[in-house]
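Subject: The structure we talked about

Hi,

Here is the structure I promised to pass on. Have a look at it first, and then read my notes below.

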Amino acid sequence: MPELGKYAGAVLSSWAVSVGLLVFLVVVTWIGARRSRAALDAAEARRRERQ
Amino acid sequence: MIALLVRDLRLTFRAGGGFGLGLAFFLIVTVLVPFGVGPQSDLLARIAPGILWVGALLACLLSLDRIFQLDFEDGSLDLLATAPLPLEGVVTMKALAHWVTTGLPLTLAAPLFGGLMSLPQAGYFWVFVTLLIGTPALSMIGTFGAALTVGLKRGGLLLSLLVLPLYIPTLLFGAETARRGIMGMDYAQTLAILAGVSAGSIAILPFAAAAAIRINLR
Amino acid sequence: MEDTRVRQHDDRWNWFWAWANPVKFMSWTGKVLPWLMAMTLVTLIPGLVWGFFFTPEAQGFGSSVKIIYVHVPSATMAIQAWGMMVVASLIWLIRRHHVGALAAKGAALIGLTMTAVALITGAIWGQPMWGTYWAWDPRLTAFLILFLFYIGYMALWAAIDDPDTAADLTSVLAIVGSVFAVLSRYAVNFWNQGLHQGATLSLDKEENIADVFWLPLVLSLVGFGLLCLVLVLVRTRTEVRMRRLRAIEMRERMRDA
């Protein structure tokens, strides 16, 4: 842990906010991608069954 | 085109509500601000041009969703789109009608309401001039926003969300020019840019608005 | 109609536009993505770790200089994302490639998040440096306006049911919006000068910055860029899949009816 001095609060909180928001964005994107892939696979399977 | 303008104007006047409503709203906003910030006349005098501009802008916003909505609902917008008149011309006339019924009355009323805000003497002229130059841009940008949201059922709130950010440059240059004019600073530059924003909006946005209407009618 | 088709067939650039064919897009992005993700990890994480742990204190800034490693890259990406949206919108409007519209849609949330990060870190940094969380400094104001534009753009996407209409209208909005966004950027310069003359709050960070700070900043800038690229591609792939899913469901419903 580096010595942050009197700016510790500012540095830590801004890093926390940034990393938090980025992780949130990545997770949202990832979940969306997985969900869409699952739904599409299911739909494709249904379609193949019909044929 | 003239016939269309006359028709739109007659419809707005006959419907009553739209014409007076914007002015009444503007009056109420101007009356409410002193209640909010206190009656000190030096403070009011300083913020008067800005408040008048914001009030005019909000009043302008109020009547935007009527520009195309009625015509869209009764199908006359489809007729206008297939008419020999280019849709860009139709859109421009709609914006002009909106300006005559909203922007122009607001511009004329602003100096009167300025009295309530203890506007400095020079302010009457400057608020009038900047609004006269700026409100056409407000009407044109608003028409573009209305064209984007014409097919939506609850477009009103979305319309404000889309249009208000687009109003920022006009508001900024308008109020800034008025402020500079009142304080006796150099106003030529901002005044020229304000006029440029208006002229540019009128030159370019009819095409964007017409494109949006074509997409919505598809 | 026949004419355009022939002309499109003869277009010298068809090899380029073929990359935007949805099937081909899915296949090449599927191959490229793992590599891009790996590159993101090897630039972003070292860049951020270097920036956070191994940079000295700067004169006048103290340790608060470490905020630069999240603030500047996110601000850069906030603008880049808007630029990408406009280009993708133009591709959709002119060439009618669906991937263009979907990429623009995918980039919006990324841009919004980056703008939020830049604004929040800027505010937190502003408190110790300028003594206030918020000042109507031209740059700050411009970012706030950008934030509003992103919100409006996403709201319009969400409000329209028909995907093609939504893509068309948001593209028009993105193009008109960027004209007004640039205009606002220059407008706030005038406005702030008028209020407090000569009070310069903005920091010119790129100038006079020593290598100890500059190198990790470059690394995290590259990392952020790659991260955004990966996210855009993944989000676009999601949108492409959703589109195909909708088409399949529509066909099923037609057959059932």
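Let me start where chains C and B meet: 23 residues from chain C and 23 residues from chain B make up the contact. Two residues are in contact here if their C-beta atoms, placed from the backbone, lie within 7 Å. On the chain C side, the elements that give two or more residues are helix H6 (138–159) and helix H7 (163–195). H7(C) provides the largest share of that side, 14 residues. By class, the side of chain C that touches chain B has 18 nonpolar, 4 polar and 1 charged residues. For the classes, Ala, Val, Leu, Ile, Met, Phe, Trp, Tyr, Cys and Pro are nonpolar, Asp, Glu, Lys and Arg are charged, and the others, Gly among them, are polar.

A word on where this comes from: it is a predicted model, in which local features need pLDDT of at least 70 and side-chain atom pairs count only at pLDDT 80 or more, while totals for chains, interfaces and linings use all residues. Residues are numbered from 1 along each chain as its sequence is written, and chains are lettered from A and ligands numbered from 1 in the order in which they are written.

Chain C also touches chain A, with 30 residues of chain C in contact with 23 residues of chain A. On chain C, the elements giving two or more residues to this side are H3, helix H4 (68–95), helix H5 (98–130) and helix H8 (211–256). H8(C) gives the most, with 11 residues. This side has 16 nonpolar, 8 polar and 6 charged residues.

Now to chain B by itself. It has 9 helices and 0 strands; these are DSSP runs numbered from the N terminus, helices being H or I with at least four residues and strands E with at least two. The radius of gyration of chain B is 18 Å, close to the 17 Å that the globule rule gives for 218 residues, so chain B is as compact as a globular protein of that length. That radius is taken over C-alpha atoms, and the rule is 2.2 Å times the number of residues to the power 0.38. Of the 218 residues, 51% count as buried (20 or more other C-beta atoms within 10 Å of a residue's own; exposed is 12 or fewer, partly exposed in between, with C-beta atoms placed from the backbone).

C:Val42 is partly exposed, with 14 other C-beta atoms within 10 Å.

Best wishes
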